[in-house]
Amino acid sequence: MSAVNSNTAVQARRAPASDTAVSLERVVKKYRDQTVLHELSLKIKRGEFLTLLGPSGCGKTTLLNLIAGFAEADNGEVFIDGEPVTSEPPHKRQIGIVFQNYALFPHMDVERNIGYGLRMRGVPKDELAQRVKQAMEMVKLDGLGHRKPRELSGGQQQRVALARALVIQPKVLLLDEPFSALDKSLRGSMQVEIREIQRRLGLTTVFVTHDQGEALAMSDRIAVMSAGAIRQIASPADLYQNPQDPFVASFLGDVNILPSHYHGQSGSDIQLRLGSALISLPRARLVGGSHSGERLDIYVRPEHIRFENLHPGSVLSGTVVNHVFQGDHINTFVDVDIPMTARQVVTVRSAGLGAMQQWPVGSVVGLALPEDGISVFNPQK
Ligand SMILES: Nc1ncnc2c1ncn2[C@@H]1O[C@H](COP(=O)(O)OP(=O)(O)OP(=O)(O)O)[C@@H](O)[C@H]1O
């Protein structure tokens, strides 16, 4: 047998490398009598950029702290690279972290801040200097090595924090709301830069934010959290287009909620009564089951509704009450009368100025709903 063949044989006997970098299994975290995470399970793939998105207080930072080792689970297990680390202290987990306030050491200059983790690990001086230099180049901090944090801009401080996290060659990078102290334009460019570095290094990254736009723009997958649980985890496009939960649908982008009633089924379609109109949708758009006459909420995003000349078959009709110019799109508010339920204002989003010119305030319009881009939820379930 040749050397190559025997090598192959050895590899074949080995278990295939898992594509899971971090795994949490039924973790529970309590603070006194408050349960902050409820038997939460999550698998983070190697090299992916995963975002924890949710409103304030839903448990995002707590989850990050369990991965980092700053907090210990009351129940359940945390694995990194397949090894249980639930009781391991933070310094044994090989994790890089960028905190919201960066947490730089004020008395150390940039180089010493970045080299801190390597000094703690006893890395020899020459190698340390080399790695600090590389990290500084990567985050574009060349020439600022001898400045103290107070002599840096917010964006530069963030670069130091990022370099300090990257220089230890972490198994996982954790980012806890790292952009919140930056102004809007800097935030956008740092998002792009961090994502480029992360991709180049193939670095498994967990990012915490409560900013939907940031999550949609940056992530391979988003885990939407509320009240200590993950409601849905999927790619940004899938979450936006196919939410499986009303909370997810309304947390990720604007949505109109139209009250309807289940009418019946025909083949692979369901029929809903919306006011006096009967509409047919693919069965797959309804999340959960329903019975005849039961109330169902139709969730439709503003950009999926179309204006039409009012005609007897129009699903919805209403009066334009306002146009709001937003630069790249216009939001038009239409006061809609849904017979047998209630009047409500529906938002329609369109690109360009066409809708504003064609349907001035006061116009009576018809509104068409698409089959795609609609989700239907049973509010009783
Ligand atoms: N050390 C602690 N002691 C007691 N309660 C805590 C502690 N840390 C967090 N909590 C509580 O746990 C819950 C979840 O907090 P956590 O910081 O994880 O939420 P979050 O989603 O990160 O919120 P935010 O977006 O505001 O940072 C909150 O109700 C919070 O008050």
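Predicted model: local features only at pLDDT ≥ 70, side-chain atom pairs only at ≥ 80, totals over all residues.

Biologist: Which residues are around the ligand?

Modeller: Tyr31, Val36, Gly54, Ser56, Gly57, Cys58, Gly59, Lys60, Thr61, Thr62 and His210. A residue is near a molecule if its C-beta atom, placed from the backbone, lies within 6 Å of it.

Biologist: Which helix gives the most to that shell?

Modeller: Helix α2, residues 60-68, with three residues. Helices are DSSP runs of H or I with at least four residues, strands are runs of E with at least two, and both are numbered from the N terminus.

Biologist: And how does the shell split by class?

Modeller: Seven polar residues, three nonpolar and one charged. Here Ala, Val, Leu, Ile, Met, Phe, Trp, Tyr, Cys and Pro count as nonpolar, Asp, Glu, Lys and Arg as charged, and the others, Gly among them, as polar.

Biologist: Now the core. Which residues touch the most other members of the largest nonpolar core?

Modeller: Ile67, Ala163 and Leu174, out of 88 residues. Helix α5 (residues 154-166) supplies the largest share of this core, six residues. A nonpolar core is a set of buried Ala, Val, Leu, Ile, Met, Phe, Trp, Tyr and Cys residues joined through C-beta atoms within 7 Å. Buried means 20 or more other C-beta atoms within 10 Å of the residue's own, exposed means 12 or fewer, and partly exposed is in between, with C-beta atoms placed from the backbone.

Biologist: Where does this core lie relative to the domains?

Modeller: Between domain 1 (19-248) and domain 2 (254-377), because both give residues to the core. The domain bounds come from an automatic or database domain assignment.

Biologist: What is Ala163 in contact with?

Modeller: Beyond its neighbours within four places in sequence, Ala163 contacts Ile114, Ala135, Met136, Met138, Val139 and Leu141. Contact means C-beta atoms, placed from the backbone, within 7 Å.

Biologist: Different topic. What is the phi of Arg26?

Modeller: Positive, about 50°, although Arg26 is not a glycine. Arg26 sits in strand β1, residues 20-31, and is partly exposed because it has 13 C-beta neighbours inside 10 Å.

Biologist: And Glu177, where is that?

Modeller: In the loop between β7 (172-176) and α6 (184-201). Glu177 has a positive phi of about 45° and is not a glycine either.

Methods. Residues numbered from 1 in each chain as written. Contact = placed C-beta atoms within 7 Å.
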